[in-house]
Amino acid sequence: MEVFVRALAKVAENDPTFVVGVEKLDHLKSLGFTSDEIYRVVAPRRTLARRKDQGEPLSLAESDRAMRLERVAIEAERVFASREKALQWLRSEIMALDDRRPIDLLESETGAHVVLDELIRIDYGMSEERLP
């Protein structure tokens, strides 16, 4: 419990150990995300360009969103055993998600939980969802 409280205090203070550098954006691109997807989920194009030009790390909120994209991409790739299939699923309208695209739900942490829950159902054979 004490470790959790210390971590929470660091977050409240915007401790730099919880932020990532702009190089994380290149990593997200290497995972297959387009620039437009990154701008929509992580931060606007101009904000990210300014951070890169000024050598600033991402803000705490931007870091959270970048890590969210990475976490979901890695899990989808594990479930589908293919980066290509994972990206195709993330960009497809999914009936179990009320015909929404998983990538669109990643703009919020709640949406990311919904997407990760669906990936768990697919992984355990509890979902009838298939790739298009």
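In which helix of the protein chain is confidence lowest, and in which is it highest? The mean is lowest in helix α1 (residues 2-12), at 53, and highest in helix α7 (residues 102-105), at 98.

## Basis of the model

This is a predicted model, in which local features need pLDDT of at least 70, side-chain atom pairs count only at pLDDT 80 or more, and totals for chains, interfaces and linings use all residues. Residues are numbered from 1 along each chain as its sequence is written, and side-chain values use heavy atoms, with hydrogens and water left out.

The confidence score, pLDDT, is given by the predictor for each residue on a scale from 0 to 100. The protein chain averages 89, and 84% of the residues score at least 70. Where pLDDT is low, the predicted coordinates should not be read in detail.

## Overall architecture

The protein chain has eight helices and zero strands, which gives the pattern α-α-α-α-α-α-α-α along the sequence. Helices (H or I, at least four residues) and strands (E, at least two) are DSSP runs, numbered from the N terminus.

Of the 132 residues in the protein chain, 39% count as buried; the term means under 20% relative accessible area, with exposed over 50% and partly exposed in between (1.4 Å probe, protein chains only). The accessible surface amounts to about 8100 Å², and carbon and sulfur atoms hold 53% of that area. Accessible areas come from the Shrake-Rupley method with a 1.4 Å probe; for residues, only the protein chains shown count as cover. Contact means heavy atoms within 4.5 Å. Among contacts between residues at least 6 apart in sequence, 59% join residues at least 24 apart.

## Helix α5

Helix α5 covers residues 60-80, 21 residues in total, and its first and last C-alpha atoms are 30 Å apart, close to the 30 Å expected at 1.5 Å a residue. The expected span is 1.5 Å times one less than the number of residues. The buried residues of α5 include L69, E70, V72, A73, A76, V79 and F80. An α-helix has 3.6 residues a turn, so residues three or four places apart point the same way.

E70 lies in this helix and is buried, at a relative accessible area of 12%. Its side chain is joined to that of K24 by a polar contact of 3.1 Å. A polar contact is a pair of N or O atoms within 3.5 Å; within protein, one must be able to donate a hydrogen and the other to accept it, and residues adjacent in sequence count only if both atoms are side-chain atoms. Leaving aside neighbours within four places in sequence, E70 is in contact with K24, H27, L28 and L31.

E77, also in α5, is partly exposed at 26% relative accessibility. Beyond neighbours within four places in sequence, its contacts are S82, R83 and A86.

One aromatic pair is counted. F80 and W89 form this pair, which is tilted, with 5.6 Å centre to centre and 40° between the planes. Rings of Phe, Tyr and Trp (its six-membered ring) pair if their centres lie within 6.5 Å; planes under 30 degrees apart count as stacked, over 60 as edge-to-face and the rest as tilted. F80 is buried at 14%, and W89 is buried at 0% relative accessibility.

## Positive phi angles

Most residues other than glycine have a negative phi, and most peptide bonds are trans. A81, in the loop between α5 and α6 (83-90), has a positive phi near 55° and is exposed, at 69%. D99, in the loop between α6 and α7, has a positive phi near 60° and is partly exposed, at 46%.
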